[in-house]
Amino acid sequence: MTEPMRIGYVVKRYPRYSETFIVNEVLAHEAAGTHIEIFSLRPPCDTHFQDVIARVRAPVHYLPHAGLKVRDFWEALSRAQKRLPGLPDGLEQAWGNDVTEVHQAVELANRVHELGLVHLHAHFATSPASVARLAARFAGITFSYTAHAKDIFHEDVDPLELRTKQRDAASVITVSDFNARHLRELDSESAEHVTRIYNGLDLDKFQFDSPAVRPLRIAAVGRLVEKKGFSDLIDACWELVNGGLEVDCRILGAGPLEPELREQIEKLGLGARVVLTGPQPQNIVREELRAAAVFAAPCVVAADGNRDGLPTTLLESMAMGTPCISTNVTGIPEMIQHERTGLIVPQHDPTALACAIRRLLGDPVERVRLATQARQLIEEEFDVVRNTAIQREIFQSASRTGRVAEGSAH
(Lines give C-alpha, C1' and ligand atoms only; values in the text may rest on other atoms or scores of the structure.)
Protein backbone atom coordinates (compact mmCIF):
# COMPACT_ATOMS: atom_id res chain seq x y z
CA MET A 1 0.00 0.00 0.00
CA THR A 2 1.37 3.41 -1.01
CA GLU A 3 2.20 5.72 1.86
CA PRO A 4 0.21 8.98 1.79
CA MET A 5 2.09 12.11 0.80
CA ARG A 6 2.98 14.14 3.90
CA ILE A 7 2.64 17.90 3.40
CA GLY A 8 3.09 20.81 5.80
CA TYR A 9 0.76 23.79 5.39
CA VAL A 10 2.15 27.11 6.67
CA VAL A 11 -0.29 29.94 7.44
CA LYS A 12 -0.15 33.16 9.42
CA ARG A 13 -3.10 32.41 11.71
CA TYR A 14 -5.23 29.33 12.05
CA PRO A 15 -8.13 29.13 12.18
CA ARG A 16 -9.31 32.37 10.64
CA TYR A 17 -12.94 33.24 9.99
CA SER A 18 -12.37 34.81 6.58
CA GLU A 19 -10.10 32.11 5.15
CA THR A 20 -12.49 29.27 4.40
CA PHE A 21 -10.66 28.69 1.09
CA ILE A 22 -7.72 27.25 3.07
CA VAL A 23 -10.02 24.96 5.05
CA ASN A 24 -11.76 23.81 1.84
CA GLU A 25 -8.37 23.01 0.34
CA VAL A 26 -7.12 21.05 3.35
CA LEU A 27 -10.34 19.04 3.54
CA ALA A 28 -10.11 18.12 -0.14
CA HIS A 29 -6.50 16.99 0.28
CA GLU A 30 -7.42 14.90 3.31
CA ALA A 31 -10.34 13.32 1.45
CA ALA A 32 -7.85 12.27 -1.24
CA GLY A 33 -5.64 10.58 1.35
CA THR A 34 -2.93 13.23 1.78
CA HIS A 35 -1.52 13.66 5.29
CA ILE A 36 -1.54 17.34 6.26
CA GLU A 37 0.15 19.07 9.20
CA ILE A 38 -0.78 22.74 9.76
CA PHE A 39 1.78 25.22 11.07
CA SER A 40 0.52 28.59 12.25
CA LEU A 41 2.84 31.55 12.81
CA ARG A 42 0.36 33.22 15.15
CA PRO A 43 -2.54 32.09 17.35
CA PRO A 44 -6.10 32.84 16.18
CA CYS A 45 -7.54 36.23 17.04
CA ASP A 46 -11.10 35.93 15.71
CA THR A 47 -14.07 35.48 18.03
CA HIS A 48 -16.14 33.48 15.52
CA PHE A 49 -15.13 30.50 13.38
CA GLN A 50 -16.71 28.54 10.56
CA ASP A 51 -18.25 25.25 11.61
CA VAL A 52 -16.50 23.41 8.76
CA ILE A 53 -13.19 23.73 10.66
CA ALA A 54 -14.33 20.89 12.94
CA ARG A 55 -14.00 18.48 10.00
CA VAL A 56 -10.27 19.11 9.54
CA ARG A 57 -8.20 16.20 10.88
CA ALA A 58 -4.80 17.84 10.50
CA PRO A 59 -3.05 18.68 13.77
CA VAL A 60 -2.17 22.36 14.25
CA HIS A 61 1.29 23.37 15.44
CA TYR A 62 1.75 26.93 16.72
CA LEU A 63 5.28 28.09 16.10
CA PRO A 64 6.94 30.36 18.70
CA HIS A 65 6.17 33.98 17.89
CA ALA A 66 6.60 36.20 20.94
CA GLY A 67 9.06 36.77 23.76
CA LEU A 68 11.99 35.30 21.84
CA LYS A 69 15.15 35.15 23.93
CA VAL A 70 18.68 34.67 22.64
CA ARG A 71 18.91 31.41 24.59
CA ASP A 72 15.78 30.04 22.85
CA PHE A 73 17.24 30.81 19.46
CA TRP A 74 20.57 29.14 20.17
CA GLU A 75 18.88 26.09 21.65
CA ALA A 76 16.75 25.72 18.51
CA LEU A 77 19.87 26.00 16.35
CA SER A 78 21.70 23.46 18.49
CA ARG A 79 18.89 20.91 18.09
CA ALA A 80 18.62 21.56 14.38
CA GLN A 81 22.29 21.34 13.43
CA LYS A 82 22.44 17.71 14.60
CA ARG A 83 19.77 16.60 12.16
CA LEU A 84 19.57 19.20 9.36
CA PRO A 85 22.53 19.16 6.97
CA GLY A 86 21.16 22.14 5.06
CA LEU A 87 21.19 24.41 8.10
CA PRO A 88 24.63 26.07 7.80
CA ASP A 89 24.20 27.07 4.16
CA GLY A 90 20.59 28.01 4.80
CA LEU A 91 21.53 30.38 7.58
CA GLU A 92 23.65 32.33 5.14
CA GLN A 93 20.52 32.89 3.06
CA ALA A 94 18.59 34.00 6.15
CA TRP A 95 20.74 37.08 6.55
CA GLY A 96 18.55 40.17 6.80
CA ASN A 97 15.35 38.25 7.56
CA ASP A 98 13.28 39.00 10.64
CA VAL A 99 14.84 37.06 13.53
CA THR A 100 11.44 35.77 14.70
CA GLU A 101 10.81 34.33 11.24
CA VAL A 102 14.25 32.71 11.22
CA HIS A 103 13.55 31.16 14.62
CA GLN A 104 10.17 29.90 13.41
CA ALA A 105 11.82 28.47 10.31
CA VAL A 106 14.37 26.57 12.39
CA GLU A 107 11.62 25.17 14.61
CA LEU A 108 9.55 24.29 11.55
CA ALA A 109 12.52 22.54 9.91
CA ASN A 110 12.93 20.46 13.07
CA ARG A 111 9.25 19.46 12.87
CA VAL A 112 9.65 18.63 9.18
CA HIS A 113 12.38 16.16 10.12
CA GLU A 114 10.44 14.68 13.04
CA LEU A 115 7.19 14.28 11.10
CA GLY A 116 8.69 13.06 7.81
CA LEU A 117 7.20 15.84 5.70
CA VAL A 118 8.26 15.94 2.05
CA HIS A 119 7.04 19.40 1.01
CA LEU A 120 5.89 22.68 2.55
CA HIS A 121 3.10 24.80 1.12
CA ALA A 122 2.36 28.30 2.42
CA HIS A 123 -0.70 30.47 1.95
CA PHE A 124 0.18 34.10 1.19
CA ALA A 125 3.48 35.41 -0.13
CA THR A 126 4.23 37.33 3.07
CA SER A 127 5.57 35.86 6.32
CA PRO A 128 4.18 32.33 5.72
CA ALA A 129 6.14 32.06 2.47
CA SER A 130 9.22 33.60 4.12
CA VAL A 131 9.18 31.02 6.92
CA ALA A 132 8.40 28.12 4.56
CA ARG A 133 11.23 29.16 2.24
CA LEU A 134 13.85 29.16 4.99
CA ALA A 135 12.51 26.01 6.68
CA ALA A 136 12.56 24.14 3.37
CA ARG A 137 16.13 25.23 2.83
CA PHE A 138 17.16 24.16 6.34
CA ALA A 139 15.39 20.80 6.04
CA GLY A 140 16.46 20.03 2.49
CA ILE A 141 12.95 19.75 1.03
CA THR A 142 10.91 21.78 -1.44
CA PHE A 143 8.33 24.48 -0.85
CA SER A 144 5.60 26.31 -2.71
CA TYR A 145 3.08 28.99 -1.85
CA THR A 146 -0.23 30.43 -2.95
CA ALA A 147 -0.28 34.18 -3.65
CA HIS A 148 -3.64 35.91 -3.27
CA ALA A 149 -3.95 39.72 -3.50
CA LYS A 150 -2.85 41.89 -0.59
CA ASP A 151 0.34 39.84 -0.33
CA ILE A 152 1.44 40.88 -3.81
CA PHE A 153 -0.28 44.23 -4.44
CA HIS A 154 -0.11 46.07 -1.09
CA GLU A 155 2.12 49.14 -0.96
CA ASP A 156 4.29 47.46 1.69
CA VAL A 157 5.24 44.56 -0.60
CA ASP A 158 8.96 44.57 -1.47
CA PRO A 159 9.28 43.49 -5.14
CA LEU A 160 12.86 42.31 -4.64
CA GLU A 161 11.88 40.08 -1.73
CA LEU A 162 8.90 38.76 -3.68
CA ARG A 163 11.14 37.90 -6.63
CA THR A 164 13.50 36.03 -4.31
CA LYS A 165 10.70 33.85 -2.98
CA GLN A 166 9.35 33.26 -6.46
CA ARG A 167 12.73 32.12 -7.76
CA ASP A 168 13.37 29.83 -4.79
CA ALA A 169 9.92 28.19 -4.78
CA ALA A 170 9.33 24.95 -6.61
CA SER A 171 6.02 26.49 -7.65
CA VAL A 172 4.03 29.66 -7.04
CA ILE A 173 0.30 29.09 -7.23
CA THR A 174 -1.99 32.07 -7.59
CA VAL A 175 -5.75 32.43 -7.72
CA SER A 176 -6.36 34.30 -10.98
CA ASP A 177 -4.93 34.88 -14.45
CA PHE A 178 -4.67 38.57 -13.51
CA ASN A 179 -2.33 37.70 -10.64
CA ALA A 180 -0.38 35.21 -12.75
CA ARG A 181 0.37 37.85 -15.40
CA HIS A 182 1.50 40.27 -12.70
CA LEU A 183 3.87 37.74 -11.11
CA ARG A 184 5.33 36.61 -14.45
CA GLU A 185 6.01 40.21 -15.38
CA LEU A 186 7.58 40.79 -11.96
CA ASP A 187 10.35 38.31 -12.74
CA SER A 188 10.70 36.75 -16.18
CA GLU A 189 13.41 34.34 -14.94
CA SER A 190 10.95 32.55 -12.66
CA ALA A 191 7.83 33.03 -14.79
CA GLU A 192 7.64 29.28 -15.38
CA HIS A 193 7.21 28.76 -11.63
CA VAL A 194 3.83 30.53 -11.67
CA THR A 195 0.64 28.48 -12.02
CA ARG A 196 -2.92 29.69 -11.84
CA ILE A 197 -5.26 27.44 -9.86
CA TYR A 198 -8.60 28.90 -8.86
CA ASN A 199 -9.85 28.53 -5.31
CA GLY A 200 -12.40 25.76 -5.26
CA LEU A 201 -15.67 24.79 -3.61
CA ASP A 202 -17.07 21.47 -2.47
CA LEU A 203 -19.94 21.57 -4.95
CA ASP A 204 -21.90 18.87 -3.11
CA LYS A 205 -22.43 21.40 -0.32
CA PHE A 206 -23.57 24.21 -2.62
CA GLN A 207 -26.56 22.97 -4.54
CA PHE A 208 -28.07 25.17 -7.23
CA ASP A 209 -31.44 26.74 -6.53
CA SER A 210 -33.28 28.83 -9.12
CA PRO A 211 -33.50 32.55 -8.21
CA ALA A 212 -36.76 33.02 -10.13
CA VAL A 213 -38.86 33.41 -6.98
CA ARG A 214 -36.99 34.86 -4.02
CA PRO A 215 -37.45 37.71 -1.55
CA LEU A 216 -36.19 40.92 -3.17
CA ARG A 217 -33.24 41.04 -0.82
CA ILE A 218 -29.64 42.17 -1.37
CA ALA A 219 -26.95 40.17 0.43
CA ALA A 220 -23.32 41.10 0.99
CA VAL A 221 -20.65 39.28 2.98
CA GLY A 222 -17.12 40.19 4.05
CA ARG A 223 -14.91 41.95 6.53
CA LEU A 224 -15.92 45.55 7.09
CA VAL A 225 -12.81 47.00 5.50
CA GLU A 226 -12.22 49.49 2.69
CA LYS A 227 -11.51 46.96 -0.07
CA LYS A 228 -15.01 45.43 0.24
CA GLY A 229 -16.67 48.66 -0.96
CA PHE A 230 -19.60 48.44 1.47
CA SER A 231 -19.78 52.22 1.74
CA ASP A 232 -20.65 52.30 -1.97
CA LEU A 233 -23.31 49.64 -1.42
CA ILE A 234 -24.92 51.72 1.33
CA ASP A 235 -24.94 54.78 -0.95
CA ALA A 236 -26.46 52.64 -3.72
CA CYS A 237 -29.24 51.54 -1.34
CA TRP A 238 -29.94 55.20 -0.55
CA GLU A 239 -30.31 55.91 -4.29
CA LEU A 240 -32.68 52.96 -4.65
CA VAL A 241 -34.81 54.14 -1.74
CA ASN A 242 -34.94 57.66 -3.20
CA GLY A 243 -36.07 56.05 -6.45
CA GLY A 244 -39.02 54.45 -4.71
CA LEU A 245 -37.69 50.92 -4.21
CA GLU A 246 -38.37 49.01 -0.99
CA VAL A 247 -34.78 48.06 -0.10
CA ASP A 248 -33.88 45.08 2.09
CA CYS A 249 -30.08 44.77 2.34
CA ARG A 250 -28.13 42.58 4.78
CA ILE A 251 -24.36 42.91 5.18
CA LEU A 252 -22.76 39.99 7.04
CA GLY A 253 -19.37 40.48 8.65
CA ALA A 254 -17.33 42.44 11.17
CA GLY A 255 -14.35 44.72 10.93
CA PRO A 256 -12.77 48.07 11.79
CA LEU A 257 -15.14 50.12 9.62
CA GLU A 258 -18.27 48.97 11.46
CA PRO A 259 -18.75 52.25 13.43
CA GLU A 260 -18.24 54.31 10.31
CA LEU A 261 -20.67 52.23 8.26
CA ARG A 262 -23.31 52.32 11.01
CA GLU A 263 -23.00 56.09 11.14
CA GLN A 264 -23.41 56.26 7.35
CA ILE A 265 -26.56 54.11 7.55
CA GLU A 266 -28.02 56.37 10.24
CA LYS A 267 -27.19 59.61 8.43
CA LEU A 268 -28.91 58.35 5.27
CA GLY A 269 -31.97 57.20 7.21
CA LEU A 270 -31.50 53.57 6.18
CA GLY A 271 -31.72 52.01 9.62
CA ALA A 272 -34.72 49.90 8.64
CA ARG A 273 -33.34 49.11 5.15
CA VAL A 274 -29.68 48.16 5.60
CA VAL A 275 -28.68 45.81 8.43
CA LEU A 276 -25.15 44.99 9.60
CA THR A 277 -25.58 41.52 11.07
CA GLY A 278 -22.07 40.98 12.42
CA PRO A 279 -20.10 37.77 11.69
CA GLN A 280 -22.15 34.62 11.15
CA PRO A 281 -21.29 30.89 11.00
CA GLN A 282 -21.01 29.39 7.55
CA ASN A 283 -24.40 27.65 7.65
CA ILE A 284 -26.12 31.00 8.32
CA VAL A 285 -24.08 32.72 5.60
CA ARG A 286 -25.13 30.00 3.19
CA GLU A 287 -28.80 30.42 4.09
CA GLU A 288 -28.56 34.20 3.64
CA LEU A 289 -26.95 33.82 0.23
CA ARG A 290 -29.47 31.24 -0.92
CA ALA A 291 -32.40 33.43 0.19
CA ALA A 292 -31.23 36.61 -1.57
CA ALA A 293 -32.25 37.75 -5.03
CA VAL A 294 -28.92 39.56 -5.54
CA PHE A 295 -25.43 39.24 -4.10
CA ALA A 296 -23.44 42.47 -4.19
CA ALA A 297 -19.63 42.57 -3.92
CA PRO A 298 -18.66 46.16 -4.84
CA CYS A 299 -14.95 45.53 -4.26
CA VAL A 300 -12.44 48.38 -4.66
CA VAL A 301 -8.69 48.85 -4.63
CA ALA A 302 -7.98 50.43 -1.24
CA ALA A 303 -5.78 53.47 -0.79
CA ASP A 304 -2.88 51.28 0.39
CA GLY A 305 -3.19 48.91 -2.59
CA ASN A 306 -5.07 46.23 -0.66
CA ARG A 307 -7.68 44.45 -2.75
CA ASP A 308 -9.58 41.20 -3.06
CA GLY A 309 -8.38 38.31 -5.15
CA LEU A 310 -11.39 36.07 -5.77
CA PRO A 311 -13.87 36.42 -2.88
CA THR A 312 -15.06 32.98 -1.79
CA THR A 313 -18.55 34.31 -1.12
CA LEU A 314 -18.85 35.25 -4.80
CA LEU A 315 -18.08 31.65 -5.72
CA GLU A 316 -20.57 30.35 -3.18
CA SER A 317 -23.31 32.66 -4.42
CA MET A 318 -22.72 31.67 -8.03
CA ALA A 319 -22.77 28.00 -7.09
CA MET A 320 -26.12 28.33 -5.28
CA GLY A 321 -27.87 30.33 -8.00
CA THR A 322 -27.72 33.83 -6.51
CA PRO A 323 -27.05 36.41 -9.25
CA CYS A 324 -23.93 38.47 -8.53
CA ILE A 325 -22.86 42.05 -9.09
CA SER A 326 -19.22 43.00 -8.61
CA THR A 327 -16.41 45.17 -9.99
CA ASN A 328 -13.32 44.75 -12.17
CA VAL A 329 -10.86 44.30 -9.27
CA THR A 330 -8.01 41.85 -10.00
CA GLY A 331 -9.39 38.48 -11.15
CA ILE A 332 -13.08 39.06 -10.41
CA PRO A 333 -14.03 39.50 -14.12
CA GLU A 334 -12.65 36.01 -14.73
CA MET A 335 -15.61 34.60 -12.81
CA ILE A 336 -18.15 37.43 -13.04
CA GLN A 337 -18.14 37.67 -16.81
CA HIS A 338 -20.23 40.73 -17.57
CA GLU A 339 -23.71 39.92 -18.95
CA ARG A 340 -22.88 36.20 -18.98
CA THR A 341 -22.30 35.00 -15.41
CA GLY A 342 -23.15 38.25 -13.58
CA LEU A 343 -22.84 42.00 -13.85
CA ILE A 344 -19.72 44.16 -13.51
CA VAL A 345 -19.98 47.82 -12.50
CA PRO A 346 -17.20 50.41 -12.08
CA GLN A 347 -15.50 50.77 -8.72
CA HIS A 348 -16.67 53.62 -6.48
CA ASP A 349 -19.85 54.11 -8.55
CA PRO A 350 -22.95 53.77 -6.32
CA THR A 351 -25.22 54.95 -9.15
CA ALA A 352 -24.09 52.19 -11.51
CA LEU A 353 -24.35 49.69 -8.66
CA ALA A 354 -27.89 50.86 -7.87
CA CYS A 355 -28.90 50.50 -11.53
CA ALA A 356 -27.55 46.95 -11.69
CA ILE A 357 -29.33 45.97 -8.46
CA ARG A 358 -32.62 47.49 -9.67
CA ARG A 359 -32.29 45.62 -12.96
CA LEU A 360 -31.87 42.20 -11.32
CA LEU A 361 -34.47 42.73 -8.61
CA GLY A 362 -36.99 43.62 -11.29
CA ASP A 363 -36.24 40.86 -13.80
CA PRO A 364 -36.54 37.23 -12.60
CA VAL A 365 -35.86 35.89 -16.10
CA GLU A 366 -32.54 37.73 -16.21
CA ARG A 367 -31.69 36.44 -12.74
CA VAL A 368 -32.23 32.86 -13.87
CA ARG A 369 -30.22 33.34 -17.08
CA LEU A 370 -27.16 34.75 -15.29
CA ALA A 371 -27.38 32.30 -12.39
CA THR A 372 -27.60 29.25 -14.66
CA GLN A 373 -24.53 30.28 -16.64
CA ALA A 374 -22.67 31.16 -13.43
CA ARG A 375 -23.28 27.68 -12.02
CA GLN A 376 -21.95 26.14 -15.22
CA LEU A 377 -18.73 28.15 -14.91
CA ILE A 378 -18.31 27.15 -11.27
CA GLU A 379 -18.63 23.48 -12.19
CA GLU A 380 -16.08 23.85 -14.99
CA GLU A 381 -13.42 25.93 -13.21
CA PHE A 382 -13.95 26.05 -9.43
CA ASP A 383 -14.44 22.44 -8.30
CA VAL A 384 -12.18 21.97 -5.26
CA VAL A 385 -11.77 18.24 -5.93
CA ARG A 386 -10.30 18.82 -9.39
CA ASN A 387 -8.29 21.89 -8.47
CA THR A 388 -6.64 20.36 -5.41
CA ALA A 389 -5.75 17.29 -7.50
CA ILE A 390 -3.71 19.66 -9.70
CA GLN A 391 -2.07 21.02 -6.56
CA ARG A 392 -1.09 17.55 -5.40
CA GLU A 393 0.52 16.87 -8.76
CA ILE A 394 2.62 19.99 -8.20
CA PHE A 395 3.57 18.90 -4.67
CA GLN A 396 4.44 15.38 -5.84
CA SER A 397 6.50 16.62 -8.76
CA ALA A 398 8.42 19.04 -6.53
CA SER A 399 9.17 16.46 -3.84
CA ARG A 400 10.10 13.83 -6.43
CA THR A 401 12.53 16.04 -8.35
CA GLY A 402 13.82 17.59 -5.13
CA ARG A 403 14.28 21.09 -6.51
CA VAL A 404 15.28 22.61 -3.21
CA ALA A 405 15.42 26.41 -2.90
CA GLU A 406 18.79 27.71 -4.06
CA GLY A 407 18.61 30.61 -1.66
CA SER A 408 19.25 33.54 -3.97
CA ALA A 409 20.27 36.69 -2.12
CA HIS A 410 17.76 39.46 -1.42
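Modeller: Here is a walk through the cavities and their linings. This is a predicted model, in which local features need pLDDT of at least 70 and side-chain atom pairs count only at pLDDT 80 or more, while totals for chains, interfaces and linings use all residues. Residues are numbered from 1 along each chain as its sequence is written, and side-chain values use heavy atoms, with hydrogens and water left out.

A cavity is a set of points, on a 1 Å grid over the protein atoms alone, where a 1.4 Å probe fits but cannot get out; its lining residues have an atom within 4 Å of a point. Points are joined across faces, edges and corners, and the volume is the space filled by probe spheres set on them. By this rule there are 4 cavities of 30 Å³ or more.

The largest cavity holds about 100 Å³ of space. It is lined by 14 residues, with Glu-25, Tyr-198, Asn-199, Gly-200 and Gln-391 closest to its centre. Helices H1 (20-31) and H16 (384-401) each supply at least two lining residues, and H16 gives the largest share, 4 residues. (Helices are DSSP runs of H or I, at least four residues; strands are runs of E, at least two; both are numbered from the N terminus.) By class, this lining has 6 nonpolar, 7 polar and 1 charged residues, where Ala, Val, Leu, Ile, Met, Phe, Trp, Tyr, Cys and Pro count as nonpolar, Asp, Glu, Lys and Arg as charged, and the others, Gly among them, as polar.

The second largest cavity has a volume of about 50 Å³. Its lining includes Val-221, Lys-228, Phe-230 and Thr-313, and strand S11 (residues 294-297) contributes the most, 3 residues. Here the lining divides into 8 nonpolar, 1 polar and 1 charged residues.

Terms used: On a 1 Å grid over the protein atoms alone, a cavity is a set of points where a 1.4 Å probe fits but cannot get out, and a pocket is an open set with protein on both sides within 12 Å along at least five of seven lines; lining residues have an atom within 4 Å of a point.
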